[in-house]
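My notes are below the picture.

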Amino acid sequence: MCQLFINADSRLWTCRTKSLRIDGVVTSIRLEEFFWDILEEVAFRDQMTVNQMITKLYLESLDADHDIGNFTSFLRVCCSRYLSLVADGNLTREDALPLNDIDATHLLEQEELRTSVRKNLFNDTSLKPSLN
């Protein structure tokens, strides 16, 4: 298992800082290259630049009264959730359909159901191997 991660391209965990302007305020965001790659993919789907998408996510988070004290963590989770939706077959990475056009309510319901099923499966002690 470790070779799968250890032998991956080390560029992926190298950090890069980008400066951008959100609502007239200059700020910077520091993320690993892996997350910048995913943000670029998602932005491309919605025909935006990464800066435009980050600004949109920031402003929509404010509108939803989210605590965005750690916005970088929010961006990492957005990337991880995108990849999780792809892994579960709800999205394909090759699809050009913008995420903005997807039925988010239905997708979130499916995700919640899958999460519940997984939690039950992972908590089933009869399925866990015994550790000696």
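This is a predicted model: local features need pLDDT of at least 70, side-chain atom pairs count only at pLDDT 80 or more; totals for chains, interfaces and linings use all residues.

**Helix α5.** I checked its length first. Helix α5 runs over residues 104-123, 20 residues in total. At 1.5 Å a residue it should span 28 Å, and its end C-alpha atoms are 28 Å apart, so the two agree.

Next I asked which residues of α5 are buried. They are L107, E111 and R114. The face turned away from the buried side carries exposed residues, including T105, E112, L113 and V117.

**Core.** I then turned to the largest nonpolar core. It has 23 residues. I29, L31, W36, L39, I54 and L91 have the most contacts inside it. At least two core residues come from each of β1 (15-22), β2 (25-32), α2 (33-45), α3 (50-63) and α4.

Leaving out residues up to four places away in sequence, I54 touches L20, I22, I29, W36, L39, F71 and L75. I also looked at W36 and found K18 over its face, 5.3 Å from the ring centre.

**Aromatics.** I searched the whole structure and got three aromatic pairs. One of them, Y58 with F71, is edge-to-face, at 5.2 Å centre to centre and 85° between the planes. This pair links helix α3, which holds Y58, to helix α4, which holds F71, 13 residues apart.

F71 is buried at 9%. Y58, F71 and F74 form one aromatic cluster.

Key
Residues are numbered from 1 along each chain as its sequence is written. Side-chain values use heavy atoms; hydrogens and water are left out. Helices (H or I, at least four residues) and strands (E, at least two) are DSSP runs, numbered from the N terminus. The expected span of a helix is 1.5 Å times one less than its number of residues. Buried means under 20% relative accessible area, exposed over 50%, partly exposed in between (1.4 Å probe, protein chains only). A nonpolar core is a set of buried Ala, Val, Leu, Ile, Met, Phe, Trp, Tyr and Cys residues joined through side-chain atoms within 4.5 Å. Contact means heavy atoms within 4.5 Å. Rings of Phe, Tyr and Trp (its six-membered ring) pair if their centres lie within 6.5 Å; planes under 30 degrees apart count as stacked, over 60 as edge-to-face and the rest as tilted. A charge sits over a ring if NZ of Lys or CZ of Arg is within 6 Å of the ring centre and within 35 degrees of the ring normal.
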